[in-house]
Amino acid sequence: MSKFRLALGSASCRDNKSKDPQVQEVCRILLEKLEALKSSDPIFLKSFPLDHSEIMEINGREVLMTVFHDRLPQEESLLVIQAYYSTWKFPNFISLGGVGKVFAEGFLLNKAGEVKEAPETLLRDYR
């Protein structure tokens with residue numbers, strides 16, 4: 001996605017209270033994928049590519065799901081799952097690359113293989 005962007009409103013699935021069935025389903029799938037990733041073997045997670053994207057069809061709409069792996073100092077890894085779909089219906093994301101909704105959640109993996117929730121400060125660039 002473009003470097004120029006404007007984020008409007010929340011892009012968290014955990015805190016999302018939307019009644020929009022599309023948002024609910026996208027967030028449900030994103031959170032399922034996040035839990036599956038969290039339960040993966042730490043060796044697999046540490047060797048995960050820097051980004052991996054797939055286009056899914058959710059309720060008849062194309063949704064780009066991307067897993068980002070950001071290697072941090074002290075041998076920590078930030079893994080983030082981001083979902084984006086194009087829409088003009090109450091978008092929360094505007095950029096040169098598109099207008100739509102974006103949601104992201106993630107976690108930190110330390111060098112001992114322990115998982116903890118990623119703080120908002122680290123997720124901001126993905127939301």
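A polar contact is a pair of N or O atoms within 3.5 Å; within protein, one of the two must be able to donate a hydrogen and the other to accept it. With that cut-off in mind, look at the start of helix H1 in this predicted model, where Asp20 caps the N-terminal end of H1 by placing a side-chain oxygen 2.8 Å from the backbone nitrogen of Gln22.

**Helix H1**

- The 18 residues of H1 should span 26 Å at 1.5 Å a residue, and the C-alpha atoms at its ends are 26 Å apart, which agrees with that expectation.

**The disulfide**

- A disulfide is a covalent bond between the sulfur atoms of two cysteines.
- The structure holds one disulfide, and it is formed by Cys13 and Cys27, whose sulfur atoms are 2.3 Å apart.
- Cys13 lies in the loop between strand S1 (5–7) and helix H1 (21–38), whereas Cys27 lies in helix H1, so the pair ties together parts that are 14 residues apart in sequence.
- The link of Cys13 and Cys27 is left-handed, with -75 degrees about the S-S bond.
- Are Cys13 and Cys27 buried or exposed? Both Cys13 and Cys27 are buried, and for Cys27 the relative accessible area is 6%, which is why Cys27 falls under the 20% cut-off for a buried residue.
- Leaving aside residues up to four places away in sequence, Cys27 touches Cys13, Asn16 and Phe103.
- The C-alpha atoms of Cys27 and Val63 are separated by 11 Å, although these residues are 36 residues apart along the chain.

**Two loop residues with positive phi**

- Most residues other than glycine have a negative phi.
- Asn59, which is found in the loop between S2 and S3, is a residue other than glycine with a positive phi, near 55 degrees.
- Asn59 is exposed, with a relative accessible area of 53%.
- Phe90, found in the loop between S4 and strand S5 (93–95), likewise has a positive phi, about 50 degrees, although it is not a glycine.
- Phe90 is exposed, with a relative accessible area of 68%.

**The chain as a whole**

- The protein chain has three helices and seven strands, and from the N terminus on its elements run β-α-α-β-β-β-β-β-β-α.
- With 127 residues, a compact globule would have a radius of gyration near 14 Å, and the protein chain has 14 Å, which agrees.
- The C-alpha trace of the protein chain spans about 45 × 30 × 25 Å along its principal axes.
- Buried residues make up 42% of the 127 residues in the protein chain, while the chain exposes about 7400 Å², of which carbon and sulfur atoms supply 55%.
- Among contacts in the protein chain between residues at least 6 apart in sequence, 51% join residues at least 24 apart.

Notes
Residues numbered from 1 in each chain as written. Predicted model: local features only at pLDDT ≥ 70, side-chain atom pairs only at ≥ 80, totals over all residues. Heavy atoms only, no water. Disulfide = S-S within 2.5 Å. Helix = DSSP H or I, 4+ residues; strand = E, 2+ residues; numbered from the N terminus. Buried < 20%, exposed > 50% of the residue type's maximum accessible area, 1.4 Å probe, protein only. Expected span 1.5 Å × (residues − 1). Rg over C-alpha atoms; globule rule 2.2 N^0.38 Å. Contact = heavy atoms within 4.5 Å. Areas by Shrake-Rupley, 256 points an atom, 1.4 Å probe, with all protein chains shown as cover.
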